[in-house]
Amino acid sequence: MNRLQFMIISSVLFVIGILVLFSSVTWGHEAANSYLRSQGGGMDTAQFMIILQEQIQTFRWLGIILSLIGGVGFVRAIEMR
């Protein structure tokens with residue numbers, strides 16, 4: 001893999017990570033609602049809030065990890081000569 005391909009892949013990973021990070025609340029809410037529907041539509045509010053917070057946190061971590069991998073990869077690609 002040459003330097004240009006590495007830079008493109010790293011940039012795409014970084015952008016995807018940022019998009020996941022900014023969409024984490026929406027996607028976490030949708031995932032928690034999907035779980036609620038799969039449980040028959042009834043659940044204790046405190047339990048739902050825990051599930052909601054954990055789903056949001058999961059998407060945040062995914063976005064952080066992808067953007068860090070992409071960002072570090074892009075910097076490493078710039079340093080390659």
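Trp27 counts as partly exposed, at 36% relative accessibility; partly exposed covers the range between buried (under 20% relative accessible area) and exposed (over 50%), with a 1.4 Å probe and protein chains only. The model is predicted: local features need pLDDT of at least 70, side-chain atom pairs count only at pLDDT 80 or more, and totals for chains, interfaces and linings use all residues. Residues are numbered from 1 along each chain as its sequence is written, and side-chain values use heavy atoms, with hydrogens and water left out.

**View 1. The aromatic pair of Trp27 and Phe59.** The structure holds 1 aromatic pair. The ring centres of Trp27 and Phe59 are 5.8 Å apart and the planes stand at 70°, so the pair is edge-to-face. Pairing requires ring centres within 6.5 Å for Phe, Tyr and Trp (its six-membered ring); planes under 30 degrees apart are stacked, over 60 edge-to-face, and the rest tilted. Trp27 belongs to helix H1 and Phe59 to helix H2, so the pair ties together parts 32 residues apart in sequence. Helices here are DSSP runs (H or I, at least four residues), numbered from the N terminus.

**View 2. The kink at Ser24.** H1 has a kink of about 60°, centred on Ser24. The bend is the angle between axes fitted to the seven residues ending at a residue and the seven starting there. Ser24 is buried, with a relative accessible area of 1%. Its side chain reaches the backbone oxygen of Leu21 at 3.0 Å. That is a polar contact: a pair of N or O atoms within 3.5 Å, where, within protein, one must be able to donate a hydrogen and the other to accept it, and residues adjacent in sequence count only if both atoms are side-chain atoms. Beyond residues up to four places away in sequence, Ser24 touches Ile56, Phe59 and Arg60; contact means heavy atoms within 4.5 Å.

**View 3. The largest nonpolar core.** Six residues form it: Ala32, Leu36, Phe48, Ile51, Leu52 and Ile56. Helix H1 (3-38) and helix H2 (45-79) each give two or more residues to this core. H2 supplies the largest share, 4 residues. A nonpolar core is a set of buried Ala, Val, Leu, Ile, Met, Phe, Trp, Tyr and Cys residues joined through side-chain atoms within 4.5 Å. Leu52 touches Gly28, His29 and Ala32, residues up to four places away in sequence not being counted.

View 4. Ser67 lies in helix H2. Ser67 is buried, with a relative accessible area of 10%. Leaving aside neighbours within four places in sequence, its contacts are Leu13, Phe14, Gly17 and Ile18. Gly17 is one of the buried residues of H1, which also include Met7, Ser10 and Val20. H2 is part of what covers the buried residues of H1.

**View 5. The ends of H1.** Asn2 caps the N-terminal end of H1. A side-chain oxygen of Asn2 lies 3.3 Å from the backbone nitrogen of Leu4. Gly40 follows H1, with a positive phi near 95°.

**View 6. The salt bridge of Glu79 and Arg76.** The whole structure has 1 salt bridge. The side chains of Glu79 and Arg76 meet at 3.7 Å, N to O. A salt bridge is a side-chain nitrogen of Lys or Arg within 4 Å of a carboxyl oxygen of Asp or Glu. Both residues lie in helix H2, 3 residues apart, about one turn of the helix. Glu79 and Arg76 are both exposed.
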